[in-house]
Amino acid sequence: MNPGDPGYVAAVQAAKKRAADRIQRISDLKLQVYNVLTPDQKSQLSKSMANWKARMAQRADGARDHPGPANR
């Protein structure tokens with residue numbers, strides 16, 4: 001949208017509200033799912049998330065060490 005448009009500020013505020021509402025719904029859903037997990041499942045989830053974060057960090061390090069054609 002054009003910042004000079006009379007409805008621009010209202011449109012931005014509405015978009016912010018929709019984004020915040022969406023984040024809240026996703027967070028609430030994740031909490032509901034987490035609360036039905038057994039203690040063993042919660043432990044496994046923590047381990048899986050730690051492994052995923054480590055893999056993502058390795059990928060990021062590899063991308064920095066080996067830039068693609070656009071980064072050369």
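## Nonpolar patch

Patches here are built from residues with over 30% relative accessible area and no salt bridge, joining like charges within 9 Å and nonpolar side chains (Val, Leu, Ile, Met, Phe, Trp, Tyr) within 5 Å. A salt bridge is a side-chain nitrogen of Lys or Arg within 4 Å of a carboxyl oxygen of Asp or Glu. Areas come from the Shrake-Rupley method with a 1.4 Å probe; for residues, only the protein chains shown count as cover.

This is a predicted model: local features need pLDDT of at least 70, side-chain atom pairs count only at pLDDT 80 or more, and totals for chains, interfaces and linings use all residues. Residues are numbered from 1 along each chain as its sequence is written, and side-chain values use heavy atoms, leaving out hydrogens and water.

Tyr34, Leu45, Met49, Trp52 and Met56 form a nonpolar surface patch of about 430 Å². Helix 2 (residues 39-65) contributes the most, with four residues. Tyr34 sits in helix 1 (residues 8-35). Its relative accessibility is 34%, so Tyr34 is partly exposed; the class lies between buried (under 20%) and exposed (over 50%), with a 1.4 Å probe and protein chains only.

## Overall form

The chain has two helices and zero strands. Both are DSSP runs numbered from the N terminus: helices are H or I of at least four residues, strands E of at least two. The radius of gyration is 20 Å, well over the 11 Å that the globule rule gives for 72 residues, so the chain is more spread out than a compact globule. That radius is taken over C-alpha atoms, and the rule is 2.2 Å times the number of residues to the power 0.38.

Along the principal axes, the C-alpha atoms fill a box of roughly 55 × 45 × 10 Å. Buried residues make up 0% of the 72. The accessible surface of the chain is about 6500 Å², with 57% belonging to carbon and sulfur atoms.

## Salt bridges

The count is two salt bridges. In one, the side chains of Asp21 and Lys17 meet at 2.9 Å, N to O. These two are four residues apart in helix 1, which means a separation of about one helical turn. Asp21 is partly exposed, at 29% relative accessible area.

Asp61 and Arg64 also meet in a salt bridge, at 2.4 Å, N to O. Both lie in helix 2, three residues apart, about one turn of the helix. Asp61 is partly exposed at 38% relative accessibility. Arg64 is exposed at 59%.
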